[in-house]
Amino acid sequence: MGLGGCIILIAVGAILTFATDWHMHGVNLTVVGLILMAVGLIGVATFSGIARRRRVVMPPTPVVEEEPRRHHHVDGYSDGYGV
């Protein structure tokens, strides 16, 4: 379950706990909502812990300095083809 699924569990649990006044025989929706919110929070904590361990800090890439290019004047005779 990813981070999105955990957030959906928290949202559904909050809706069941705070925004509904349904009464079902044998089911306490307030408790079901609290359980869903708890599972969502545990999932967020687990996901963030795993994501933190997976994050790898790469060393900076070394900068390779190129030799300066020497600009030769090419006049058609000194480039080696006309000699």
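**Note on a predicted two-helix chain**

1. Asn28 has a relative accessible area of 47% and is therefore partly exposed, a class that lies between buried (under 20% relative accessible area) and exposed (over 50%), with a 1.4 Å probe and protein chains only. Asn28 belongs to the loop between helix 1 and helix 2. From its C-alpha to that of Thr17 the distance is 9.5 Å, and the two residues are 11 apart in sequence.

2. On the basis of this note: the model is predicted, local features need pLDDT of at least 70, side-chain atom pairs count only at pLDDT 80 or more, and totals for chains, interfaces and linings use all residues. Residues are numbered from 1 along each chain as its sequence is written, and side-chain values use heavy atoms, with hydrogens and water left out.

3. The protein chain contains 2 helices and 0 strands; helices (H or I, at least four residues) and strands (E, at least two) are DSSP runs, numbered from the N terminus. Of the 83 residues in the chain, 11% are buried. The accessible surface amounts to about 7,600 Å², and carbon and sulfur atoms account for 65% of that area; the areas come from the Shrake-Rupley method with a 1.4 Å probe, and for residues only the protein chains shown count as cover.

4. Thr17 is placed in helix 1 (residues 3–18) and counts as buried because its relative accessibility is 13%. Residues up to four places away in sequence aside, Thr17 touches Thr30, Gly33, Leu34 and Met37, where contact means heavy atoms within 4.5 Å.

5. Which residues does Gly33 contact, leaving aside its neighbours within four places in sequence? They are Gly13, Leu16 and Thr17. Gly33 sits in helix 2 (residues 29–54) and is buried, with a relative accessible area of 0%. The C-alpha atoms of Gly33 and Ile10 are separated by 8.3 Å, although these residues are 23 apart along the chain.

6. Among contacts in the chain between residues at least 6 apart in sequence, 51% join residues at least 24 apart.

7. Leu3, Ile7 and Phe47 form a nonpolar surface patch with about 250 Å² of accessible area together. Phe47 lies in helix 2 and is partly exposed, at 35% relative accessible area.

How values were computed: Patch = residues over 30% accessible without salt bridge, like charges linked within 9 Å, V, L, I, M, F, W, Y side chains within 5 Å. Salt bridge = Lys/Arg side-chain N within 4 Å of Asp/Glu carboxyl O.
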